[in-house]
Amino acid sequence: MRHGITSLLCLIVLFLCNCNKHQTDRQPGVCISFDDRFVDEWYEIKDLLDTYDAKVTFFVTQFDSLSPSEIDKLKALQDAGHEIASHGALHVISEHYIKEHSYKKYLDDEINHNIATMEKHGFPPKTFAYPYGAKYWFTDYLLKNRFNLLRGVASHNKEKDLSAVSKAYYRFEGNRVLDALGIDHLNNIPKDMMSKALQRAAAHHEVLLLFGHKPTHNPSSDSYEVDIEFLTFILKEAQQKGLKFYRFNELYLQKAKD
């Protein structure tokens, strides 16, 4: 009897140790992505990303209208270890398009067409970012049959205290629909707030999700452009805080939550 109890206790301890190891193997980090089709500008920051060994995700829309030169640049980014993912063929608001047409037309025109075009050029997409962050439960249900992960948009709070926007932090719980915070110039994020947000990820063993659009050295006011100086600050701060740079699909867990 005593031998049986001892064996049971050993199994419990072993189970708990394995669970703990599984958690600690997943490093806190930051997941940065870029949307739309600013391929030339994305390629221009390739060396900057390499400097910090930062891997990111590029969500491409209207793939069938890219030039051969742009496709070559995406291949170079993919070869450098970055993820090339889908942002839709038409870049439409899902709910509006479905109401005007149908679910089938939405899947055919916005989703399947972009997947087929990307696969034809050697970029089979594993993840998808909703244009405008426009999603709801039924589109999530439909698209989880086609992608590992889906990405929406987390709203900034008025105080720009990003550390309080919990929806933008991933905790390795297996969720398949995640939200990211915008870092474009129009979001007007102070550096100290970004530093605080990255510190939360490091302290709580989370991944902070961020996204922007067009990286540039001289962003226009209220624009969907990422200030490269600000991006450099994020990369440097993340590296100094020991955060891992995650591609979006790396957040996918095989035992994921539906």
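Is Asp35 buried or exposed? Select Asp35 in this predicted model: with a relative accessibility of 2%, Asp35 counts as buried.

Asp35 and Arg151 form a salt bridge, with their closest N and O atoms 2.7 Å apart. The two partners lie 116 residues apart in distant parts of the chain, Asp35 in strand S1 and Arg151 in strand S5. Arg151 is likewise buried, because its relative accessible area of 1% is under 20%.

Proceed to the largest pocket, which holds about 280 Å³ of space. Strand S1 (29–36) and strand S5 (149–153) are the elements that each give two or more residues to its lining. The lining comprises 19 residues; Tyr132, Val153, Phe211, His213 and Tyr224 lie nearest the centre of the pocket. By class, eight lining residues are nonpolar, seven polar and four charged.

Now select Thr57, in strand S2 (residues 57–60). Thr57 is buried, its relative accessible area being 0%. Its side chain makes a polar contact of 2.9 Å with the side chain of Glu83. Beyond four places in sequence, the residues in contact with Thr57 include Ile32, Phe34 and Arg247.

Asp161 and Lys196 meet at 3.5 Å, N to O. Asp161 lies in the loop between S5 and strand S6 (169–170), and Lys196 in helix H8 (residues 191–204). Asp161 is buried at 18% relative accessibility, whereas Lys196 is partly exposed at 42%. Finally, select Arg200 and Glu206, whose closest N and O atoms are 2.9 Å apart in a salt bridge. Arg200 is buried at 16% relative accessibility, and Glu206 is buried at 4%.

Key. Residues are numbered from 1 along each chain as its sequence is written. This is a predicted model: local features need pLDDT of at least 70, side-chain atom pairs count only at pLDDT 80 or more; totals for chains, interfaces and linings use all residues. Side-chain values use heavy atoms; hydrogens and water are left out. Helices (H or I, at least four residues) and strands (E, at least two) are DSSP runs, numbered from the N terminus. Buried means under 20% relative accessible area, exposed over 50%, partly exposed in between (1.4 Å probe, protein chains only). A polar contact is a pair of N or O atoms within 3.5 Å; within protein, one must be able to donate a hydrogen and the other to accept it, and residues adjacent in sequence count only if both atoms are side-chain atoms. Contact means heavy atoms within 4.5 Å. On a 1 Å grid over the protein atoms alone, a cavity is a set of points where a 1.4 Å probe fits but cannot get out, and a pocket is an open set with protein on both sides within 12 Å along at least five of seven lines; lining residues have an atom within 4 Å of a point. Grid points are joined across faces, edges and corners, and a volume is the space filled by probe spheres set on the points. Ala, Val, Leu, Ile, Met, Phe, Trp, Tyr, Cys and Pro count as nonpolar, Asp, Glu, Lys and Arg as charged, and the others, Gly among them, as polar. A salt bridge is a side-chain nitrogen of Lys or Arg within 4 Å of a carboxyl oxygen of Asp or Glu.
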